[in-house]
Amino acid sequence: VFVMYNKIHDNALKKTRKYLSFIRVLTTSEILRKYRESPLGPFWVVAANALIILGLYVVYSRILKSTSDGYFLYLSFGLVGWYSIVNSINGSANSLQQYQHLILNFKIPLWTYPITVVSTNFLLWLHNVPFLLLILIFNSKNLFLILPTILGALTGSIILLPFCIFFAAWCAKYKDLKQAIIVIMNGLFFVTPIVWYPSELT
């Protein structure tokens, strides 16, 4: 019995290492591919987010008439996190179609592909850490606040995993579901407290 248990345990560990290695390699290739499309590399990811956040800050601070000094800080952290969530969900919905050539050529479980999407977006989120640190400096905040932010982003990515696997499976079966998810996520942007304070509802 113990010999059989050890064999099963060893096989499980080997498969786990194999799948984790596959996810790591695929995640790395996706990030490199994304940077090859831009001559500025990682800087463009941060710069694009900064420009969008600045534009939304100018518009929404006037619309909402927010006079709080911490609104730009609130908006920056919220939007960077939101983009990561949206890209993870939308990317997972299309992951099985995107990696169809790999699915047909490698005997790897299908759940590894949406996990790759989530891990890729988490690493891309980490590239925004220098920008978030600058925001903390300009708002005279403790720089160590970035640590719980990183932990929160990691926890959020882990929580997203079962949902992204679920969306990947159903979107592979029902093609129109991908567009429905995109529309829903766009709508949630306006009802989720990202650009406005929850206290403003009272």
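At what angle do helix 3 and helix 8 pack, and how far apart are their axes? I am working on a predicted model here. I read an angle of about 25 degrees, with the axes 8 Å apart. That is under 35 degrees, so helix 3 is roughly parallel to helix 8. I noted the crossing of this pair as right-handed.

Next I listed the contact residues. Helix 3 (residues 71-93) contributes Phe-77, Ile-85, Ser-88, Ile-89, Ser-92 and Ala-93. From helix 8 (residues 146-173) come Ile-146, Thr-149, Leu-160, Cys-164, Phe-167, Ala-168 and Cys-171. I sorted the residues of this contact into 10 nonpolar, three polar and no charged.

Then I turned to helix 6 (residues 112-126). Its axis and that of helix 3 come within 9 Å and cross at roughly 160 degrees. The angle is over 145, so I logged helix 3 and helix 6 as roughly antiparallel. Their crossing is right-handed. On the helix 3 side I found Val-80, Gly-81, Ser-84, Asn-87, Ser-88, Gly-91 and Ser-92. They meet Pro-114, Val-117, Val-118, Asn-121 and Trp-125 in helix 6.

I traced its side chain to the backbone oxygen of Ser-88, at 2.7 Å. Leaving out residues up to four places away in sequence, Ser-92 touches Asn-87, Pro-114, Val-117, Val-118, Cys-164 and Ala-168.

Technical notes. Residues numbered from 1 in each chain as written. Predicted model: local features only at pLDDT ≥ 70, side-chain atom pairs only at ≥ 80, totals over all residues. Heavy atoms only, no water. Axes fitted to C-alpha atoms, helices over the stretch in contact; angles between N-to-C directions. Helix = DSSP H or I, 4+ residues; strand = E, 2+ residues; numbered from the N terminus. Parallel < 35°, antiparallel > 145°, perpendicular 65-115°, else oblique. Left-handed = near helix turned anticlockwise from the far one by under 90°. Contact = heavy atoms within 4.5 Å. Polar contact = N/O pair within 3.5 Å; in protein donor to acceptor, adjacent residues only side chain to side chain. Nonpolar A, V, L, I, M, F, W, Y, C, P; charged D, E, K, R; others polar.
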